[in-house]
There are 2 protein chains.
Amino acid sequence: MKHLIFLAVGMLMFANTFAQQALWGGETIVSPEIHENNTVTFRIRAPKAVKVEVVGDFLESPGVAQLKEGENGVWEYTTPKPLASELYSYAFFVDDLRMNDPANMLINRDVSTVSNIFIVPGDPGDLYSVNNIPHGTVAHRWYDSPTLKEQRRITIYTPPGYENNEQKYPVFYLLHGSGGDEEAWITLGRTVQIMDNLIAQGKAKPMIVVMPNGHTQNVAAVGASSRNYRPAMGGGPREAVASMEDSFGDIIKFVEGNYRVKKDKENRAIAGLSMGGMHSAAISAQYPKTFNYIGVFSAPPIASMMARSESERSKYAEEFVKKLELQQKNGFKLYWIACGDTDFLYQGVKDSLKKMDEIGFNYTYRESGEGHIWKNWRIYLSEFVPMLFK
Amino acid sequence: MKHLIFLAVGMLMFANTFAQQALWGGETIVSPEIHENNTVTFRIRAPKAVKVEVVGDFLESPGVAQLKEGENGVWEYTTPKPLASELYSYAFFVDDLRMNDPANMLINRDVSTVSNIFIVPGDPGDLYSVNNIPHGTVAHRWYDSPTLKEQRRITIYTPPGYENNEQKYPVFYLLHGSGGDEEAWITLGRTVQIMDNLIAQGKAKPMIVVMPNGHTQNVAAVGASSRNYRPAMGGGPREAVASMEDSFGDIIKFVEGNYRVKKDKENRAIAGLSMGGMHSAAISAQYPKTFNYIGVFSAPPIASMMARSESERSKYAEEFVKKLELQQKNGFKLYWIACGDTDFLYQGVKDSLKKMDEIGFNYTYRESGEGHIWKNWRIYLSEFVPMLFK
């Protein structure tokens, strides 16, 4: 009640401004509405539209559903069946024009496309949700990379309680894929929610999660970079001075110089998805006696990102197998490889496993359904983290 | 060149998924395009549209411009005149349906509306831009509020170098308005860029900027809160246990217990916009000998947010004037009040100034053009910060 008066004042505040138009011309309808039985209704007011569709990963292939027009130009679609618990992405197509849901403020950027998201509760949806539990801190920092001769942006998760004790923590380096940047794992990957929840449930040890930008041709995500660029798969605004692998020592040095961490192999993990998985394999091989836990998600561990011919690829694989033999000799606790059975890299992963079997390399393989998608990467993260530092 | 191969792999990665549709069905046209003479072109591909408009604060009233259809269904509008340097917000209306620009990933949420933004370079646009200078850290943390009996989210800016010296810093508490939350000042307000730039230019002292959530009926911004709610002006998902004023001591205690800060009046500033301006006036009066610098942006310092009648308002004002007299007696260095001359609260501000004059209260008044808009709040912030801690 006591807020009502100020609310009225607040509404007045935006009269006759663009803000007013933006704020009060907005939607009042509810979309998406997640019903108690986990069916979901999508709504959009589009009185002049001839056709309204919704696309998203909640639909079976071919992945398009038609909305029907009801009263006042509000189009609607309800899923015929309850949806499995998950974080889903979607967008509307209004007369073939893609647009976001004006009624839903929850959005994610994937490379250069912005989509809406929603979470159907349950397992694993609850693990990706903000719950009323202790929360860790997320910091957007800049570290100095002498190798790349620049300051670079990095995302750091510190667990609940980090700031209020003298304890030293293990460190988990978590790397994004070719389409990502230092924000991908905390937005699309829900890393903050997953870590907070796993720690609160006692399933994961409190740890620091370090999420750098793996494109050394750029310094930061779009919007946070002084270089004006448009995100692209694998692209960047210039040539890189050095590779992610060769400059990774700068990141370890920064973390161990700036955080209260345990500085030994037993307390370092590295994992990544796709390009970040290849990075994790390459970096853990290149920095001997550095990582005890290695995770390679949806990527072949033995694969060159730079080879331009079959002979270059063979040469790289031959040399990398030798590095793996040394890595095994040096010892590690877990080398975890995960891939979906419809992933376009599935065969590449299988080829790597075969080579690893030939040298008796001690990996663990986890095969899931589906392909090269964030749903799988959230699952892999949720499974990998509880195995760390134990 | 060496990235081309992985780029091709990356493109393959998303075949036949929703992600593919999202990523590669996206726009390749450039919008907005800021030309060298600071005219700006907006473009959107909408082959089936009958009418396409752009709205935004870069336009004079009535604030709508028509795009014209060109080749391949790409609609276009170029501003007839160069735009003054500024950060602008805009959206398209396609056949009267509001949508964001699919070619522009830079977006801001204001209350419950998402808009695109762009910056025209110059003064002040460059001050709002990410430049190649040392960057501070932005941390999203949770602090304990015994008064509100909960953990609450807070945004903390620490200046470049904070992590690498033993120096103690002054603290600036910066409060949002009725439509905002703990993210408003760093998104719409460009506080991080403004602070980085002012510090790099030697115009501001390095300081810690603390941006709490001023709605005590909620704990965090939408998407970061465990309470499922839709942002609304002045609204929240439940009744508050206590007011922002009464619980503000928890914030000071958290900051001074967790950061390397100077803990005296000379090194504390507080400012806010609209509701946050009223908070700043009320809090600096309620906590005696605590703040040396007070900023009230676009709000009357003497105004009750809770009064429900004229007599309640008078009584509040009478009591508040007494508090101001005490505050002046206790001493402060700067009491800075700023307002736009078309602000709907302009007369209220003038009434407060009159009351302050009557008691010989030592304020500084800054009047700008225009009204209750973020453009003004960014200007006020840019002017207020250089006056602090000197």
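In chain A, helix H5 (residues 244-258) packs against helix H6 (residues 275-286) at an angle of about 70°, and their axes are 10 Å apart. That angle is why H5(A) counts as roughly perpendicular to H6(A). The crossing of H5(A) past H6(A) is right-handed. On the H5(A) side, the contact uses A:Met244, A:Glu245 and A:Phe248, while H6(A) brings in A:His279, A:Ala282, A:Ile283 and A:Gln286. Sorted by class, that makes four nonpolar, two polar and one charged residues. All of this comes from a predicted model.

Zooming out, chain A splits into domain 1 (4-121) and domain 2 (137-387). The C-alpha centres of these two domains of chain A sit 34 Å apart. Where they meet, eight residues of domain 1 of chain A are in contact with ten residues of domain 2 of chain A. On the domain 1 side, the elements giving two or more residues are strand E7 (86-94) and strand E9 (107-110) of chain A. E9(A) gives the most, with three residues.

A:Val111, in the loop between E9 and strand E10 (113-120) of chain A, has a positive phi, near 55°, even though it isn't a glycine. Chain B has its own case: phi of B:Val111 is also positive, near 55°, and B:Val111 is in the loop between strand E9 (107-110) and E10 of chain B. Most residues other than glycine have a negative phi, and most peptide bonds are trans. A:Val111 counts as buried because it has 25 C-beta neighbours inside 10 Å. B:Val111 is buried too, with 25 other C-beta atoms within 10 Å.

Chain B also has cis peptide bonds. One joins B:Ser31 and B:Pro32, with omega about -10°, and B:Pro32 belongs to the loop between helix H2 (18-24) and strand E1 (33-34) of chain B. Another runs from B:Asp123 to B:Pro124, with omega near 15°; B:Pro124 is in the loop between strand E10 (113-120) and strand E11 (137-145) of chain B.

Finally, there's B:Met99, found in strand E8 (residues 97-99) of chain B. It counts as buried because 21 C-beta neighbours fall inside 10 Å. Leaving out residues up to four places away in sequence, B:Met99 touches A:Met99, B:Ala91, B:Phe92 and B:Val94.

Technical notes
Residues are numbered from 1 along each chain as its sequence is written. Chains are lettered from A and ligands numbered from 1 in the order in which they are written. This is a predicted model: local features need pLDDT of at least 70, side-chain atom pairs count only at pLDDT 80 or more; totals for chains, interfaces and linings use all residues. Domain bounds come from an automatic or database domain assignment. Two residues are in contact if their C-beta atoms, placed from the backbone, lie within 7 Å. Helices (H or I, at least four residues) and strands (E, at least two) are DSSP runs, numbered from the N terminus. Axes are lines fitted to C-alpha atoms, for helices over the stretch in contact, and angles run from 0 to 180 degrees between N-to-C directions. Angles under 35 degrees count as roughly parallel, over 145 as roughly antiparallel, 65 to 115 as roughly perpendicular and the rest as oblique. A crossing is left-handed if the near helix is turned anticlockwise from the far one by less than a right angle, and right-handed if clockwise. Ala, Val, Leu, Ile, Met, Phe, Trp, Tyr, Cys and Pro count as nonpolar, Asp, Glu, Lys and Arg as charged, and the others, Gly among them, as polar. A residue is buried if 20 or more other C-beta atoms lie within 10 Å of its own, exposed if 12 or fewer, and partly exposed in between; C-beta atoms are placed from the backbone.
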